[in-house]
Amino acid sequence: MSAKSLPVAVAQFTVAEEPERNLEILDGFARDAAAGGAKLLVLPEGLIARRGDDDSYAAAHAQPLDGPFVDGLRRISAQRHIGLMGTVHVAPEQGTERDADSRVSNTFLVIRDGEIIAEYRKLHLYDAFSARESDVVLPGDALPPIVDIDGWKIGVMTCYDVRFPETARSLAVRGADAIVVSAAWVRGPLKEQHWKLLTAARALENTCYVLACSEVSSRNIGCSRIINPMGEVVASAGDEGAELIATGLSRECLASARQIMPVLQNRCFADPQLRD
């Protein structure tokens with residue numbers, strides 16, 4: 001049986017330049033979220049290290065998946081008894097075909113009970129608004145996965161992915177009840193409006209919850225939010241400073257939205273590749 005409610009939390013904060021400091025910050029959020037009953041903690045994009053407006057800093061501090069930072073995330077998950085979702089920059093493995101390409105992977109990790117249960121390499125790289133993520137990051141080649149958290153099917157996306165509705169739709173038609181977006185959404189004219197519109201649209205058009213977490217800094221907007229399947233914001237953070245927001249995902253709310261608005265059933269056109 002699926003759980004009727006899933007307590008979740010979203011941690012918005014400024015990623016520090018030092019990986020060890022970020023693990024300390026994350027452990028504090030995990031402790032507080034778990035104390036509040038959360039089973040899942042959503043984190044921003046690029047957790048290992050960041051520096052202001054230096055877009056290459058995060059990639060330059062990439063680590064292997066068996067490196068000290070991911071080991072730290074696994075330890076926090078196990079000790080705090082909470083699932084973690086967020087992205088890290090992963091260095092290419094030596095001796096593999098990718099070793100010839102010096103670019104790193106922007107990898108979304110799902111960690112439960114101290115173990116990595118899913119990985120997703122960001123498909124849509126941020127080559128927009130004068131940025132060139134593809135200069136330092138290698139794109140993924142597979143649709144994002146769906147994982148089971150206490151009977152809830154949760155899909156994942158990374159930042160710029162949210163501008164591509166087919167990515168979220170692929171998750172919805174594969175059974176996602178909720179979509180987690182891990183981001184470092186850059187500030188700029190209309191960018192906050194874009195973030196709010198897009199995250200709400202992905203929830204409403206797919207009748208699923210969206211848990212959207214953005215890093216907050218002089219570069220990135222914060223404004224993390226949890227949106228229900230009817231497009232309502234049920235919890236939100238501001239555009240300055242660290243915040244922990246939390247709510248319970250309601251099975252009743254999800255079922256009601258999909259009964260009232262059966263858009264997933266009423267589709268006239270469907271890409272066979274996006275079906276079960």
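**Aromatic pairs and a buried lysine in a predicted chain**

Phe-13 counts as buried, because its relative accessibility is 2% (buried means under 20% relative accessible area, exposed over 50% and partly exposed in between, with a 1.4 Å probe and protein chains only). The model is predicted, so local features need pLDDT of at least 70 and side-chain atom pairs count only at pLDDT 80 or more, while totals for chains, interfaces and linings use all residues. Residues are numbered from 1 along each chain as its sequence is written, and side-chain values use heavy atoms, with hydrogens and water left out.

Along the principal axes, the C-alpha atoms fill a box of roughly 50 × 40 × 40 Å. Of the 276 residues, 52% count as buried. Among contacts between residues at least 6 apart in sequence, 68% join residues at least 24 apart, where contact means heavy atoms within 4.5 Å.

Now to the rings. The structure holds 6 aromatic pairs (rings of Phe, Tyr and Trp, the last by its six-membered ring, with centres within 6.5 Å; planes under 30 degrees apart count as stacked, over 60 as edge-to-face and the rest as tilted). One of them, Phe-13 with Phe-29, is tilted, at 5.6 Å centre to centre and 35 degrees between the planes. Phe-13 lies in the loop between β1 (5–12) and α1 (19–35) and Phe-29 in helix α1, so this pair ties together parts that are 16 residues apart in sequence. Phe-29 is buried as well, with a relative accessible area of 12%.

Tyr-126 and Tyr-160 form an edge-to-face pair, because their ring centres are 5.5 Å apart and their planes lie at 75 degrees. Tyr-126 belongs to the loop between β5 and β6, and Tyr-160 to the loop between β7 (152–158) and α4 (165–173), so the pair ties together parts 34 residues apart in sequence. Tyr-126 is buried at a relative accessible area of 15%, and Tyr-160 counts as buried at 13%.

Lys-191 lies over the face of Phe-129, at 4.6 Å from the ring centre (NZ of Lys or CZ of Arg within 6 Å of the ring centre and within 35 degrees of the ring normal). The charged end of Arg-251 sits over the ring of Trp-152, 4.0 Å from its centre.

Lys-122 lies in the loop between β5 (115–121) and β6 (146–149) and, at 2% relative accessibility, counts as buried. Its side chain makes polar contacts with the side chains of Glu-45, at 3.1 Å, and Glu-133, at 2.9 Å (pairs of N or O atoms within 3.5 Å; within protein, one must be able to donate a hydrogen and the other to accept it, and residues adjacent in sequence count only if both atoms are side-chain atoms). Leaving aside neighbours within four places in sequence, the contacts of Lys-122 include Asn-106, Pro-139 and Tyr-160.

How values were computed:
Helices (H or I, at least four residues) and strands (E, at least two) are DSSP runs, numbered from the N terminus.
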